[in-house]
Amino acid sequence: MTRLLGAARRVVLAAVSCSARGCSSLSMFYAVRRGRKAGVFQTWSECRAQVDRFPAARFKKFATEEEAWAFVRKPASPDGSEGEFVVVYTDGCCSSNGRRRARAGIGVYWGPGHPWNVGIRLPGRQTNQRAEIHAACKAIEQAKAQNIKKLVLYTDSMFTINGITNWVQGWKKNGWKTSTGKEVINKEDFVALEQLTQGMDIQWMHVPGHSGFTGNEEADRLAREGAKQSED
């Protein structure tokens, strides 16, 4: 009888534990291969604390803890071909913005010494907003060329983020006019960006500019180097 009561008590405790923490069979596991701390986490907030604004972070969500740990322990693939999110930072700059002698550049930063890091001169109309949009375009082009489907794209341009995640749909419904009836100045740029995002899973993340975040600072440096180049 004592053993029976003990078994029943263990069942009750297990049920309470399951209801309090969530049954593992229904939980998701967030694996961080490269971040501030590698490991497996049970919530997105815990995972994000390790990868948010961390250059070249690698992480992925799994249904089982075993799969998550296998991902953590396996050497990282350089191109993200295993399906994990790949982190990239983009930035655009323009000296003498709005003036005749304006010079704009775009920068894309994948990580320390990464062969895809690039800083080039912005073609066409030289403005800061165009540079920000086309920096994101360049990063997505590079990702697609390497069969990367999932990106966490950091930019300090809320204009770019709001444009591609919110305003574009309204502009399209309104015949590419703003809510006040004016023509969208950067229509061609956003059309190009939206087309590139097709078939991609992109998490658009804002990072404060010039605030000491390595990825953003490096993307800014590359953009400034690009602005110094001559136009082809």
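This report describes helix packing, aromatic pairs and backbone angles in a predicted model.

## Basis of the model

Local features require pLDDT of at least 70 and side-chain atom pairs pLDDT 80 or more, whereas totals for chains, interfaces and linings use all residues. Residues are numbered from 1 along each chain as its sequence is written, and side-chain values use heavy atoms, without hydrogens and water.

## Helix α2

Helix α2 spans residues 44–51; helices (H or I, at least four residues) and strands (E, at least two) are DSSP runs numbered from the N terminus. Cys 47, Gln 50 and Val 51 of α2 are buried, where buried means under 20% relative accessible area, exposed over 50% and partly exposed in between (1.4 Å probe, protein chains only). Seen down the axis of α2, these buried residues fall within an arc of 85 degrees, so they line one face of the helix; the arc is that of the directions from the helix axis to the C-beta atoms.

The buried residues of α2 pack against β1 (29–34), β2 (39–41), β3 (58–62) and β7, with contact meaning heavy atoms within 4.5 Å.

## Packing of α5 and α6

Helices α5 (residues 158–173) and α6 (residues 187–197) pack at an angle of about 95 degrees, with their axes 11 Å apart. Axes are lines fitted to C-alpha atoms, for helices over the stretch in contact, and angles run from 0 to 180 degrees between N-to-C directions. The two helices, α5 and α6, are therefore roughly perpendicular (angles under 35 degrees count as roughly parallel, over 145 as roughly antiparallel, 65 to 115 as roughly perpendicular and the rest as oblique).

Residues of α5 that meet α6 include Phe 159, Ile 164 and Trp 171; Phe 190 and Leu 193 are among their partners in α6.

## Aromatic pairs

The structure holds 11 aromatic pairs. Rings of Phe, Tyr and Trp (its six-membered ring) pair if their centres lie within 6.5 Å; planes under 30 degrees apart count as stacked, over 60 as edge-to-face and the rest as tilted. Tyr 30 and Trp 44 form a tilted pair, 6.1 Å centre to centre with 50 degrees between the planes. This pair links strand β1 to helix α2.

Trp 167 and Trp 171 both lie in α5, four residues apart. Trp 167 is partly exposed at 33% relative accessibility, whereas Trp 171 is buried at 10%. Ring pairs join both to Phe 159, Trp 176 and Phe 190 in a cluster.

## Positive phi angles

Most residues other than glycine have a negative phi. Asn 147 has a positive phi of about 65 degrees and lies in the loop between α4 (128–145) and β7 (150–155). His 210, with phi near 55 degrees, is exposed at 59% relative accessible area.
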